[in-house]
Amino acid sequence: MKAKPFIKWVGGKGQLIEQLDAHLPADFDNWDNVTYIEPFIGGGAMLFYMLQRYPNIQHAVINDVNPDLTTCYKVVRDNPKELVQFAKELEMKYKSLSDEESRKNFFYDVRDKYNEKNLEPIENTTLFFFLNRTCFNGLYRVNKKGAFNVPFGKYANPQIIDESTIMADSELLKKVEILTGDFEATFQYTQVNKNFFYFDPPYRPLSDTSSFNDYAKESFNDDAQIRLKEYCDRINEAGFQFMLSNSDCKGKNEADNFFDVLYGNYPIERVWASRSINANPNKRGKLTEILVHNYQNTKHHQYYGGYGDGDLFVAENDIVYNE
C-alpha cells in the first residue's frame, strides 16, 4: 500500500504532481542526503510523493500554522493503531443511526465538542477525521476565532478512516519533523547538505468570492504574500533551492501583475489545474496556476528543451493523487 494524503484538503496538489515533479531541479535525483522542507503542509500530497519517489531525501520538515492539522500528522505518525481504533468506533456509531436527521444531530454534537479545544491529541484527531469525512464537500474552514464551521454533508455511508493508508503514512512520517507555527521558523531546520523548499501557501484570491483560504484563523493577505517572497529571497541568498505554487491572478485578470512583479527576478511558469471548491458545478473547471523557482534548469528543460518565462506547461498525462 502506497502512502498518500489521509485527509481531504482544499487546494491539494494531487492533480499537479506530475507537473510539479517536472519542475524540480534537473539534477535532483543526484543530490545526496536531501532535507525536504514544506512550510505549508496542507493535505501533504507533495510530501508523500517526494518521500516515496526520491530515496535521497533523508530527512523532511513540515509545518503549518493550524495546530489541529499538525496534531493530525503527529498522531498518524506516533499513534496510528489507537487512531484507527477510535475512528472506527466513531464511524460505527454514526452509521448505526437510522435517519439523516439523527446523523445531522450527531455531526453537530461532534463539531461542538471538537471546537471546545480541550481534547487530548488522539481524540482531537479522531474528531478531525470524522468532520473531514462528513462535513459539506470535505471542506476545512474556520472562523476568526478558529472554530470549525462547515455544515453537515449528508453522507450516509462515509469511510472515516482507511487503516491501510494510515499505517503506510505512519511509516513514511517516521523521517519527518512536524512543526506548528509561522513559515519563517522553518529556516532554522535547514541542514549543511542539500535543502529543498516547496511552498504551497494559502492562495491569493482571484476575486472577492471565488477563492478560499480560511484554513486558519490568521489571514494570509497580500502583506503575507510579500513577506513570503522576502523569505524566498533569504532562502535563495543562503544557497538553497525552492519551488512555490500560487494562483495565477493574471490568468483571471490580465491587468493583475501582482505575482509577475513580486517574483520578477525568478523564473515564473504556468501549469493547468482543476479546481472544484465552488458549490456551483458550472463554475468549476481548469485554471492556470503559477510555479516560481530559483533555479534555471528543471527536469522538463533538461529532457524537452527550454521555454520562456511565463509559458504554459502542460503534462502529457495528468496523475491523480487522491486527496
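Is R204 buried or exposed in this structure? With a relative accessible area of 14%, R204 is buried, where buried denotes under 20% relative accessible area, exposed over 50%, and partly exposed the range in between (1.4 Å probe, protein chains only). The structure is a predicted model, in which local features require pLDDT of at least 70 and side-chain atom pairs count only at pLDDT 80 or more, while totals for chains, interfaces and linings use all residues. Residues are numbered from 1 along each chain as its sequence is written, and side-chain values rest on heavy atoms, with hydrogens and water left out.

The protein chain comprises eleven helices and eight strands; helices (H or I, at least four residues) and strands (E, at least two) are DSSP runs numbered from the N terminus. Of its 323 residues, 52% count as buried. Among the contacts (heavy atoms within 4.5 Å) in the protein chain with a separation of 6 or more, 77% are accounted for by residues 24 or more positions apart.

Strand β5 (residues 241-247) is largely enclosed by the rest of the structure, because seven of its seven residues are buried. This strand pairs with β4 (residues 195-199) in the parallel sense over four bridges, pairing being assigned if DSSP finds at least two bridges between two strands. Within this pairing, F196 has Q241 of β5 as its bridge partner.

Burial is also found in helix α7 (residues 163-172), where T165, I166, A168, D169, S170 and L172 are the buried residues. The elements covering them include the helices α2 (45-53), α3 (67-78), α4 (80-95) and α6 (121-134), together with strand β3 (176-180).

Helix α6 also packs against α5 (residues 100-115), at an angle of about 140° and with the axes 10 Å apart. Axes are lines fitted to C-alpha atoms, for helices over the stretch in contact, and angles run from 0 to 180 degrees between N-to-C directions. The two helices, α5 and α6, are therefore oblique to each other; angles under 35 degrees count as roughly parallel, over 145 as roughly antiparallel, 65 to 115 as roughly perpendicular and the rest as oblique. On the α5 side, the contact is made by F106, F107, V110, R111, K113 and Y114, and on the α6 side by E123, N124, L127, F128, F130, L131 and T134.

Salt bridges, defined by a side-chain nitrogen of Lys or Arg within 4 Å of a carboxyl oxygen of Asp or Glu, number 15. One of them joins the side chains of E163 and K88, at an N to O distance of 2.8 Å. As E163 lies in helix α7 and K88 in helix α4, the pair ties together parts that are 75 residues apart in sequence. E163 is partly exposed, with a relative accessible area of 37%, and K88 is likewise partly exposed, at 36%.

A salt bridge is also formed between R227 and E184 (2.6 Å, N to O). Here R227 belongs to helix α8 (residues 222-237) and E184 to the loop between β3 and β4, so the pair ties together parts that are 43 residues apart in sequence. Both are partly exposed, with relative accessible areas of 30% for R227 and 29% for E184.

The buried R204 forms a salt bridge with D222, the closest N and O atoms being 2.9 Å apart. R204 lies in the loop between β4 and α8 and D222 in helix α8, so this pair ties together parts that are 18 residues apart in sequence. D222 counts as partly exposed, at 30% relative accessibility. Salt bridges that share partners join D182, E184 and R227 into one network.
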